[in-house]
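Please look over the protein shown here before reading on. The briefing is arranged by topic.

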Amino acid sequence: MKILRKLKTGDYVLLALIAAFILFVGNHIEGTLNYNWNWAPIPNYLIRFDEDEQRYVTNFLLEGMFTTLRVCFYASVMALIFGTFLGLARVSKNLAIRMLARTYLEMLRNVPPLVILFIFYFFLSEQLVDALGIERWARGIARSDNAEIWEFFFGDMRKFAALMSGAFVLALFESAFVGEIIRAGIQSVGRGQKEAALSIGLSWFDQMRYIVLPQAFKKVLPPLANEFISLIKVSAIISLISVPELTFRTQELASATRLIFEAWLTTAAMYFVICFGLSLLFRKLEARSANT
């Protein structure tokens, strides 16, 4: 209600123009492409009633959304860990370490994530999965009695290898950007604080652990939040290695039902809700961090 009271005549005109544009595009699609809109089946692909269990369960699109959230969570954790080490390496006093970190960062930042995905998955991941027996282990878990616990954290265990490969390659790609953000945060901490820490006998590791990194993380929280929100959108590329995330599920749904626009518009709305919700959450964390 507060937002509505703040709106002026120009705002209402702009909203009316946007609504008119959406209606125009919808009518154009229906008329030019001879497309018949059919939104009725879409809710059933979000939640369906299971006759055997006599309860409502998640269906195609919600299952894909949960897989997307799982992949992005694991990728974010790994990217933060890798990126922190890269950021520390970028400010290391050792020239060799700095050059290795710079080489890694430049390679990852200047190569499309799709290329990285295919290189890692087809040239490295399959060999590692076979060598470590991960595929056999995951299928054994899927057939075991405690599969529900594993499926809560990883989804369909038959897709475990592809899911973790996707999460790992997303983490590798995202860690390059996180590393530069962490590096900038470390360098933004005043030299005087580092010298004061050195004067009381703290080692370089203790300086970073107790003084530099806590301050750096407060300063880099906004750009880190933006990177993790971007990761949600970039995660769509792992659909190309058959990870059953939201984009992959939408492709299956659109192909099977011919509800092309309905499926993709629903998916776009789901991505928007996730990203907008995360932006509000990070905004609150930034405000709380600023007050401490």
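What follows is an account of the overall fold, the helix packing, the aromatic residues and a few individual positions.

This is a predicted model, in which local features need pLDDT of at least 70 and side-chain atom pairs count only at pLDDT 80 or more, while totals for chains, interfaces and linings use all residues. Residues are numbered from 1 along each chain as its sequence is written, and side-chain values use heavy atoms, with hydrogens and water left out. The protein has 12 helices and 2 strands, where helices (H or I, at least four residues) and strands (E, at least two) are DSSP runs numbered from the N terminus.

**Overall fold**

- Read from the N terminus, the order of elements is α-α-β-β-α-α-α-α-α-α-α-α-α-α.
- The C-alpha trace spans about 75 × 60 × 40 Å along its principal axes.
- Of the 292 residues in the protein, 38% are buried, a class that means under 20% relative accessible area, with exposed meaning over 50% and partly exposed lying in between (1.4 Å probe, protein chains only).
- Considering contacts (heavy atoms within 4.5 Å) between residues at least 6 apart in sequence, 69% join residues at least 24 apart.

**Packing of helix 3 with helix 10**

- Two packed helices are described by the angle between their axes and the distance between the axes.
- Helix 3 (residues 60–90) packs against helix 10 (residues 204–234) at an angle of about 135°, and their axes are 10 Å apart; such axes are lines fitted to C-alpha atoms, for helices over the stretch in contact, and angles run from 0 to 180 degrees between N-to-C directions.
- Helix 3 and helix 10 are therefore oblique to each other, on a scale where angles under 35 degrees count as roughly parallel, over 145 as roughly antiparallel, 65 to 115 as roughly perpendicular and the rest as oblique.
- The crossing of helix 3 with helix 10 is right-handed, a crossing being right-handed if the near helix is turned clockwise from the far one by less than a right angle and left-handed if anticlockwise.
- On the helix 3 side the contact is made by Cys72, Ala75, Ser76, Leu80, Thr84 and Leu88, and on the helix 10 side by Trp204, Met208, Leu213, Phe217, Leu224, Phe228, Leu231 and Ile232.
- By class, the residues of this contact are 12 nonpolar, 2 polar and no charged, with Ala, Val, Leu, Ile, Met, Phe, Trp, Tyr, Cys and Pro counted as nonpolar, Asp, Glu, Lys and Arg as charged, and the others, Gly among them, as polar.

**Packing of helix 9 with helix 10**

- Helix 9 (residues 191–199) and helix 10 cross at roughly 165°, and their axes come within 10 Å.
- Helix 9 and helix 10 are therefore roughly antiparallel to each other, and their crossing is right-handed.
- Gln193, Lys194, Ala197 and Leu198 of helix 9 meet Gln207, Ile211, Val212 and Gln215 of helix 10, and this contact divides into 4 nonpolar, 3 polar and 1 charged residues.

**Aromatic residues**

- There are 9 aromatic pairs in the structure, where rings of Phe, Tyr and Trp (its six-membered ring) pair if their centres lie within 6.5 Å, and planes under 30 degrees apart count as stacked, over 60 as edge-to-face and the rest as tilted.
- The pair of Phe73 and Tyr74 is edge-to-face, because the ring centres are 5.6 Å apart and the planes are at 65°.
- Phe73 is exposed at 52% relative accessibility, whereas Tyr74 is buried, with a relative accessible area of 17%.
- Tyr74 also forms a stacked pair with Phe154, at 5.4 Å centre to centre and 25° between the planes.
- This second pair links distant parts of the chain, since Tyr74 is in helix 3 and Phe154 is in helix 7 (residues 147–154), 80 residues apart.
- Phe154 is buried, with a relative accessible area of 16%.
- One aromatic cluster is formed by Phe73, Tyr74, Trp137, Trp150, Phe154 and Phe160.

**Individual positions**

- Most residues other than glycine have a negative phi, and most peptide bonds are trans.
- Ser242 has a positive phi, near 65°, and is placed in the loop between helix 10 and helix 11 (246–257), where Ser242 is partly exposed at a relative accessible area of 32%.
- Arg258 likewise has a positive phi, near 65°, and is found in the loop between helix 11 and helix 12 (260–291), with 63% relative accessibility, which counts as exposed.
- Met99, in helix 4 (residues 95–109), is partly exposed, with a relative accessible area of 47%.
- Met99 and Ser199 are 100 residues apart in sequence and 29 Å apart in space, C-alpha to C-alpha.
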